[in-house]
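Work through the exercises below with the model open. Try each task before reading its solution.

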Amino acid sequence: RNVDNSVYCYGCGYPGFIKSKCPKCSPKKDGAHVNAIQVFTCFTLPVALLDIEVYEATGTVCADTGASQSVGGELMFNFLQKRGQKFIEIDLAVCLADGQQSTSTAIKTTVPITVHGRTFHTDLIFLPHAKGNRTLLGVDFLRQSGIVMDMHNNFWYFGDKPNCRIPFAKDIPLPTNNNPVEINRSSCPTNSITSDDPVQSNLVVPETNNLCLRDHPPVASTPYRLSPKKKELLRTEIDKLLANDVIEECESPFAAPVVLVPKLNGDIRLCIDYRKLNAITIPDKYPLPLMDTLLHDAKSTAFMSTLNLKTGYHQIEVNPNDKDKTAFVCPFDIARPLSNLTKKNVVWKWSEQEQQAFQILKQRLVTPPVLRQVDPKPFIIRTDASGYALGAVLLQGDSPADERPIEYVSRLLSSAEKNYSTTEREALAVVWALDKFRGYIEGADIIVASDHQPLKWLMTLSSPTGRYYWTGMRKYIADYVKNCAECIRYEAANQKPAGLLQTPVPAQRSESIAIDLFGPLPETSEGMKWIFIVEDCTTKWVELFPLKQATAK
């Protein structure tokens, strides 16, 4: 109020209204209706608990199929308020679980909620008079995320991945005035690093990482092949790192391939294969302290704490002079510079790079062989084998008349493989084709077509490798040997194998004899020049026979 008791808006000076009621500064109220909301207080023990992540802060919430809308708890409200989240007021009609209905003013906001690697932008309603309540994810969130809950077996899963079952989180009581609890990742969300700020804005290590290389030319590798699904995951991760200013596009003589490593929770971790770079890098020498010394120094320590950093390797900045050495290459085609121009918030730019990519793309589209681009459809693999070579083709199409090739492969048989039987060569062609086309077919439905009927047993293999292999082969061999009568009667000797020279033990005279020739000697009057020696190896008896010539005649 001014001196004359007139009311003006504190934000814009509009007369007759305070700031919270000002039509120019405050947003208009939205109407919302909630069919049923059950407020779990800190004294309840809900079962369907999910671990979530909001702005890279973690916490535990309750999935409530009895609430049509998601409701934020007190801890969630305090966390968002400290973070500077914007809220809007709404008129809320509430129908509680006991049938009571009431209308009150509430506030609403939209937050990104991440569950098991998937992010969903969800509207949260906050009840102004609720204290100590837990955040509830209602039917709106469950329908949007596709989460299916199995209360009988105490787990949940996404509808498109029924085989990936995640158990419900364990419950930890919320803090109250009379019952404080320890602050941890389940009872209270932490906010060390937020997703709105770039990850490098709060570097933990102020020093930069220097790469000292030996006298060696730059090393570069071609990118590893990835299936279309993994390419999309890689593209999403690359865009996120670019947005957070962790990486940047560059032109460098160095190039390392990208590797996607699966995590235990089903997500993927983006890694770079720097083995060639490490081979020419002079390693730093940091002597580690002895464990005995550490234990001796920590004997008087009453409390110990641990610190875990999110994306810890992104917290250490690379020396600007060495950044080009860490360059990596992705398996994206030449059309990527052109596809970038179709994205939102991208400034249109047609330079020499885009023109060159456009010309190369046109030339390849009309140059034989004209192959088909990969579509999100099942793959067809046709294989064949001859007496000297293997061949396979990867196809896609809705019908046999619509089948178009994606890639052809062939190779000659080795000298050992040429000795395989017909069935073995046909099986080798299928196993080799599956490994060759792995970059396309991994995670997709495939149909293997062959003109050899006995190969149907390959359908039982989970991961075919080698010349002879089937699921449970080791157990089958062990059971067969245990029940084999000939194997049971045979007692294997535990002695070392005998050498090349064997000395037999004779059982009777003249069983083993030794013969030799001795000469030539001075000729006798009868013309004898040689002596033929015969020895009995058992009795050592020797017989001598004079010979004129040491020949077979």
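The model is a predicted one.

**Exercise 1. The largest nonpolar core**

Task: Which members of the largest nonpolar core touch the most other members? Which helices and strands each supply at least two of its residues?

Solution: 
- Step 1. Pick out the central members. The core has 25 residues, and Leu 50, Ile 52, Val 54 and Ile 113 touch the most other members.
- Step 2. Trace the suppliers. The strands are β2 (49-54), β3 (57-63), β6 (101-115), β7 (118-126) and β10 (155-158). The helices are α1 (74-83) and α2 (139-145). Each gives the core at least two residues.
- Step 3. Look for a separate core. Another one, of 17 residues, lies apart from it and includes Leu 390, Leu 413, Trp 432 and Phe 437.
- Step 4. Zoom in on Ile 113. Leave aside neighbours within four places in sequence; its contacts then include Ile 52, Val 54, Phe 120, Leu 124, Leu 137 and Phe 141. Glu 53, Arg 118, Thr 119 and Thr 122 are also in contact with Ile 113.

**Exercise 2. Salt bridges**

Task: How many salt bridges does the structure hold? Where do the partners Arg 225 and Glu 407 lie, and how far apart are the closest N and O atoms?

Solution: 
- Step 1. Count. The structure holds 11 salt bridges.
- Step 2. Take Arg 225 and Glu 407. Their closest N and O atoms are 3.1 Å apart. Arg 225 sits in the loop between β12 (208-209) and α3 (228-243), and Glu 407 in strand β19 (residues 404-412), so the pair ties together parts 182 residues apart in sequence.
- Step 3. Arg 225 is partly exposed at 45%, while Glu 407 is buried at 17%.
- Step 4. Turn to Glu 237 and Lys 240. Their side chains form a salt bridge of 3.9 Å, N to O. Both lie in helix α3, three residues apart, about one turn of the helix.
- Step 5. Finish with Asp 398 and Lys 377, at 3.5 Å. Asp 398 is in the loop between β18 (389-396) and β19, and Lys 377 in the loop between α7 (352-366) and β17 (379-385), so this pair ties together parts 21 residues apart in sequence. Asp 398 is exposed at 62%; Lys 377 is partly exposed at 28%.

**Exercise 3. Ser 221**

Task: Is Ser 221 buried or exposed? Which side chain makes a polar contact with the side chain of Ser 221?

Solution: 
- Step 1. Locate Ser 221. Its place is the loop between β12 and α3.
- Step 2. Apply the cut-off. Buried means under 20%; Ser 221 has 19% relative accessibility, so it counts as buried.
- Step 3. Name the partner. The side chain of Lys 276 makes the polar contact, at 3.1 Å.
- Step 4. List the surroundings. Ser 221 touches Ala 255, Pro 257, Lys 276 and Val 329, not counting residues up to four places away in sequence.

Technical notes:
Residues numbered from 1 in each chain as written. Predicted model: local features only at pLDDT ≥ 70, side-chain atom pairs only at ≥ 80, totals over all residues. Heavy atoms only, no water. Core = buried A, V, L, I, M, F, W, Y, C linked by side-chain atoms within 4.5 Å. Buried < 20%, exposed > 50% of the residue type's maximum accessible area, 1.4 Å probe, protein only. Helix = DSSP H or I, 4+ residues; strand = E, 2+ residues; numbered from the N terminus. Contact = heavy atoms within 4.5 Å. Salt bridge = Lys/Arg side-chain N within 4 Å of Asp/Glu carboxyl O. Polar contact = N/O pair within 3.5 Å; in protein donor to acceptor, adjacent residues only side chain to side chain.
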